[in-house]
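Below are my notes on the model, as numbered points. They go element by element, with a few individual residues picked out.

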Amino acid sequence: MDMECNHVEHGDALENKALLNSFIDLHRSQLQLSDVPQYLYPMLFHKLQKQIFDAGEYFRIIEIENDEGETIRRKVRVTDQHNLLKSDPSMIFLIDHAYTYRINNIRNELEQLPQLVERLSHMMLIPIDEEKKIDTIIERMWKFNHTYTLAVDGGIAEDREPYWYIRDEFGSAIEHSEQANVRMAPFLSMIDGQMYTLLWLIEDIECNDPVTVDYVCGISDDLLRRAKLVPWTDDDLVEDVDYQQIEPNEEYFNTARENEKLPSTDNYPSIDLTKLNRTINVFTDVELVRNHLIDKRFQIVENQTDADIIFTRKHFKDFKKLCEETQQFINQYPFENVINIKDLLAIVCRRTSPSIEHETLQSYPLWLPTTFNLTYELPKFISYFQHRENKDLDNHWIVKPFNLARSIDTHVTKNLNQIIRLAESGPKIVCKYIDRPLLFHREDSGPVKFDIRYVVILRSLEPLKVYVYEKFWLRFANKPYSLDNNYDDYQVHFTVMNYRYAQNLKKITCEEFVPLFDKQQPHLKWSNVQENIFSMIRQVFERSILKKPPSGMAPCSRSRAIYAVDLMLDENGQPYLLEMNFMPDIERACLYYPTFIDDLFRTLFLDESNCNVIDISSK
């Protein structure tokens, strides 16, 4: 009987060990990334399996009151029964999350969850009689928020939008310290698919001692730490930090990318496609080009090696081989990333422009919204924001990720704490929001924001040969514009509606728009506005070659390209550059203008002018 019992216990032990090893294998990358010590893995597995939330046995929340008996802050201490050792393999704890959400959904969700509103109000020390609790939660939550993103293979772009969460009462009460004694990290359990926060000791803690965590763990630079702690310290950087922007060195432009291979010299063969005396072969992975390239001087081929022109969505790198070993053209320029990535575009556009004016805080060029990189210019941005605040200037900003389109993870706010914390969910820029945009009157909804997209055709950088497709595209917001604390209302502040809220999508052609514009804006004339737009676009390319790669674009006689330029107008008709995109969506262009692809190819590869393309190469 004893032997049988021992056999069962031994079998259970083997099974538990196998389960533990499987758990560790599944979660190893998370645990290592968070620096969770290995000796804590078995207890973490046990607590997740049994759903043990035992922090209350070791820690207690202390409420600090003012003279009127009102709670003004909370902190966490170890109970008076325990001395905690960081070497103790049981000293890892699960913390639940009070609320998990995506930012654009928070107001609608809170309006439907009154009990959650009360819980969050209590955690954030919002008075019981506060009338606008949801507004106050949205303002204060940036002292409590934390974030994670779930990478989904093969998912849609919207899957990359980050989640934000607020820890429970215990987790939210743990204060910051430069001499922290615990670490905390988000953790996705594959056991139940739930997200938790893990807490473990990095120092021994005696009974009744405070429990603290480093809110900016992993950051060693003193100034950057100071900047990132502003949401909790309300630190003033006006006197200490110069907001004037300095262009970064070449190393910055090389960050996280594979550089193009350039030809050894400029003496590679020059090709004139008009003198081939045969049909020009085009290889493309763009279905719209395959279907709409009608001009008989071109034909589609299925093998890339047979092509005279490679027209692809894939990023191309080997310009050395292209120029020295083939006679082909490519629809890309070397180092064009400097105009296609938002933070680099801002750097390029500022070249040759004066510094920010101290009195007015006006930045230059006028057509570029004031832009800061929240990774390496955060202290400068905070100083600039606080300078504007001191001068009572408008301080609405829009925060954008470097590498996402369609307004994903893009937010409008005047909350400095929100801007600082948003940078934690991935690399971002912050741009001065155009707070007084030119509005278009929609009959169905009233005065709304709109933006404009031009397709730009780049035939050559040296000499500059740049053209604009005469037809442009318009996108409209769905709701009337205002700045009445409705920054989370997508349909007020954003114009990309064909992926969401498409039922109210406003469609209008440029031919219809121009007379309406001149009628609605009698103080402006469209032809004059468009001249300023063309000047702005030309200046971008002029500035893009002021520095050599990797800080600037490289001229290449075998390169041709098209880009989308998105812009907005302010109430005075001043254009503002929003972004430039490589290989834009051309579906609407092909739908509305059947000769669009032919016009592009004739301009790019045959150097033919036509009535649909405007040469903007010279002033």
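1. Aromatic cluster. In this predicted model, nine named side chains come together as one aromatic cluster: Phe440, Phe450, Tyr454, Phe472, Phe476, Phe513, Phe517, Trp526 and Phe534.

2. Aromatic pairs. The count of aromatic pairs comes to 44. For Tyr469 and Phe596, the ring centres are 4.8 Å apart and the planes stand at 85 degrees; planes over 60 degrees apart count as edge-to-face, so this pair is edge-to-face. The pair joins distant parts of the chain, 127 residues apart: Tyr469 belongs to strand β22 (residues 465-469) and Phe596 to helix α20 (residues 596-605). Buried or exposed, how does Tyr469 count? Tyr469 has 0% relative accessibility and counts as buried. Phe596 is also at 0% and likewise buried.

3. A charge over a ring. The charged end of Arg102 is placed over the ring of Tyr163, at 4.1 Å from the ring centre.

4. The sheet of β4, β6 and β5. Three strands make an open sheet, ordered β4-β6-β5, with antiparallel pairing. The edges are β4 (97-101) and β5 (145-148); each has a single partner strand, so one side of each has no neighbour in the sheet. On average, and ignoring direction, neighbouring strands here are turned by 30 degrees against each other. Strand β6 (residues 163-167) is joined to β4 by four bridges, and Tyr99 faces Ile166 in β6. Across β4 and β6 lies helix α4 (residues 114-123), which runs at about 115 degrees to β4.

5. Helix α14, length. Just after α14, Asp392 has a positive phi of about 60 degrees.

6. Helix α14, burial. Eleven of the 13 residues of α14 are buried, so the helix is mostly covered; buried here means under 20% relative accessible area.

7. Ile382. This residue lies in helix α14 and, at 0% relative accessibility, counts as buried. Which residues does Ile382 touch, not counting residues up to four places away in sequence? They are Ala227, Val230, Leu237, Leu416 and Ile420. Ile382 and Arg167, 215 residues apart in sequence, have their C-alpha atoms 27 Å apart.

8. Hairpin of β1 and β2. Strand β1 (residues 59-65) pairs with strand β2 (residues 71-78) in the antiparallel sense, over seven bridges. Glu63 is placed opposite Arg74 in β2. Five residues lie between the two strands of this hairpin, and in the turn Gly69 has a positive phi of about 80 degrees.

9. Hairpin of β24 and β25. Strand β24 (residues 561-569) is joined to β25 by seven bridges and runs antiparallel to it. Tyr563 has Phe582 in β25 as its bridge partner. Between the strands of this hairpin there are five residues, and Gly573 takes a positive phi near 85 degrees. Strand β25 (residues 575-582) is mostly covered, with seven of its eight residues buried.

10. Pro555. Where is Pro555 found? Pro555 is in the loop between α18 (526-544) and β24. Its relative accessible area is 37%, which makes Pro555 partly exposed. Leaving aside neighbours within four places in sequence, Pro555 contacts Leu461 and Glu462.

Terms used
Residues are numbered from 1 along each chain as its sequence is written. This is a predicted model: local features need pLDDT of at least 70, side-chain atom pairs count only at pLDDT 80 or more; totals for chains, interfaces and linings use all residues. Side-chain values use heavy atoms; hydrogens and water are left out. Rings of Phe, Tyr and Trp (its six-membered ring) pair if their centres lie within 6.5 Å; planes under 30 degrees apart count as stacked, over 60 as edge-to-face and the rest as tilted. Buried means under 20% relative accessible area, exposed over 50%, partly exposed in between (1.4 Å probe, protein chains only). A charge sits over a ring if NZ of Lys or CZ of Arg is within 6 Å of the ring centre and within 35 degrees of the ring normal. Two strands pair if DSSP finds at least two bridges between them. Axes are lines fitted to C-alpha atoms, for helices over the stretch in contact, and angles run from 0 to 180 degrees between N-to-C directions. Contact means heavy atoms within 4.5 Å.
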